[in-house]
Amino acid sequence: MSSVLQPGQSYEAKPGEAPTSYARIKPDGVDTLHGAILYLEEITVSFDGFKALNNLNLDISVGELRCIIGPNGAGKTTMMDVITGKTRPTAGTAFFGQSMDLSKMTEYEIAQAGIGRKFQRPTVFEQHTVFDNLELAMKMDKRVKPSLFFKLSSAQKDRIDDILKLIRLNGMEKNLAGLLSHGQKQWLEIGMLLIQEPQLILLDEPVAGMSDAETARTAELLNELRGKHSIVVVEHDMGFVTEIAQQGKVTVLHEGSVLAEGTMQQVQADERVIEVYLGR
């Protein structure tokens with residue numbers, strides 16, 4: 001499978017692949033006919049006169065894994081806040097697909113539409129098992145009465161099993177989440193996002209605090225997801241970025257705008273990027 005789906009394409013299950021697999025890409029209701037799932041155009045966010053984002057332009061293709069790098073204060077977190085509805089832009093437009101105006105949607109509506117976000121620190125239910133965390137994250141009717149009588153179907157159990165294997169926690173489903181290592185908690189939270197079937201996943205410094213081995217396994221995980229979900233990764237670990245960027249685009253933010261964009265090799269050689277971020 002190519003790393004980025006071409007305009008008009010969508011991921012479809014292969015013969016024999018369960019339709020409940022995590023490998024979904026194109027949802028009903030999100031118009032990605034022109035090949036892009038996210039458009040940010042001239043986004044500006046001002047806080048008391050300070051421009052956290054300054055005419056930011058960015059688009060993410062369907063199935064793309066995009067890495068966003070840049071110095072502290074470059075606007076990376078504010079950008080994710082705009083995408084998820086936590087912060088409203090002062091100016092500019094943000095669209096999910098061709099027709100969903102994110103600036104007019106609540107955080108809940110954006111999440112329901114198919115945008116999932118993982119923050120830097122894992123937020124799992126530590127007093128519940130790994131399996132229970134995944135079950136609780138599933139899309140279902142959360143009202144009291146339906147919740148009381150809810151019982152997992154065999155297809156839903158199979159789906160949880162698929163996610164457990166994907167996030168390297170199969171065999172640990174009965175363990176309390178609070179007893180997992182830091183890296184395992186991060187993987188569990190990624191699994192909790194995946195089980196909600198998001199079309200766009202935002203990951204904020206997913207390998208911060210991980211061991212070298214955990215970082216390597218996280219790179220493997222994200223490379224497996226390439227092409228099956230559209231993923232935006234904000235990260236400072238350049239070794240990790242190199243592992244997952246491959247020949248995809250890396251975007252460098254500086255002072256709220258795009259400073260440079262291209263392959264990892266191209267941005268590493270860019271004198272402006274060296275000056276403001278990478279150093280010599």
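How many of the 13 residues of H6 are buried? In this predicted model, helix H6 is mostly covered, with twelve of its 13 residues counted as buried. The buried set consists of Gly183, Gln184, Lys185, Gln186, Trp187, Leu188, Glu189, Ile190, Gly191, Met192, Leu193 and Leu194. The cover over these residues of H6 includes strand S6 (115–118) together with H3, H5, S7 and H7. The end C-alpha atoms of H6 lie 19 Å apart, which agrees with the 18 Å that its 13 residues should span at 1.5 Å a residue.

Within helix H6, Gln186 may be considered individually. Gln186 is buried, its relative accessible area being 0%. When residues up to four places away in sequence are not counted, Gln186 touches Lys118, Gln120, Arg121 and Pro122, and also Glu205, Pro206, Ala208 and Met210.

The setting of this helix is a protein whose secondary structure comes to ten helices and ten strands. Of the 280 residues in the protein, 50% are buried. Among contacts with a separation of 6 or more, 67% are accounted for by residues 24 or more positions apart.

Helix H5, which covers residues 154–166, is one of the elements over the buried residues of H6. H5 has 13 residues and reaches 18 Å from its first C-alpha to its last, close to the 18 Å expected at 1.5 Å a residue. The buried residues in H5 are Arg159, Ile160, Ile163, Leu164 and Leu166. Seen down the axis of H5, these buried residues fall within an arc of 165°, so they line one face of the helix. On the other side of H5, by contrast, Ser154 and Lys165 are exposed. The partners against which the buried residues of H5 pack are helix H3 (130–137), helix H6 (182–194) and helix H7 (212–225). Just after H5, Arg168 takes a positive phi of about 65°.

Helix H7 has 14 residues, and the 20 Å from its first C-alpha to its last is close to the 20 Å expected at 1.5 Å a residue. Its buried residues are Glu214, Thr215, Thr218, Ala219, Leu221, Leu222 and Leu225. Around the axis they cover an arc of only 160°, which puts them on the same side of H7. The face of H7 turned away from this buried side carries Asp212 and Ala213, both of which are exposed. The buried residues of H7 pack against strands as well as helices, namely strand S3 (65–69), strand S7 (200–204) and strand S8 (230–234), along with H5, H6 and helix H8 (238–245). H7 is followed by Gly227, whose phi is positive, near 90°.

In general, two packed helices are described by the angle between their axes and the distance between the axes. For H7 and H8 the angle is about 25°, and the axes are 9 Å apart. Angles under 35 degrees count as roughly parallel, and H7 and H8 are therefore roughly parallel to each other. The crossing of H7 and H8 is right-handed. At this contact, Thr215, Thr218, Ala219, Leu222 and Asn223 in H7 meet Phe240, Glu243 and Ile244 in H8.

Asn55 has its place in strand S2, which comprises residues 50–61, and is partly exposed, with a relative accessible area of 44%. Leaving aside neighbours within four places in sequence, Asn55 is in contact with Glu42, Ile43 and Thr44. The C-alpha atom of Asn55 is separated by 8.2 Å from that of Ala91, a residue 36 residues apart from Asn55 along the chain. Glu42, one of the residues in contact with Asn55, is placed in strand S1, which comprises residues 36–47.

Most residues other than glycine have a negative phi. In Glu42, however, phi is near 50°, a positive value in a residue other than glycine. Asp48 likewise is a residue other than glycine with a positive phi, near 50°, and is found in the loop between S1 and S2. At 86% relative accessibility, Asp48 counts as exposed.

Methods:
Residues numbered from 1 in each chain as written. Predicted model: local features only at pLDDT ≥ 70, side-chain atom pairs only at ≥ 80, totals over all residues. Heavy atoms only, no water. Helix = DSSP H or I, 4+ residues; strand = E, 2+ residues; numbered from the N terminus. Expected span 1.5 Å × (residues − 1). Buried < 20%, exposed > 50% of the residue type's maximum accessible area, 1.4 Å probe, protein only. Arc of directions from axis to C-beta. Contact = heavy atoms within 4.5 Å. Axes fitted to C-alpha atoms, helices over the stretch in contact; angles between N-to-C directions. Parallel < 35°, antiparallel > 145°, perpendicular 65-115°, else oblique. Left-handed = near helix turned anticlockwise from the far one by under 90°.
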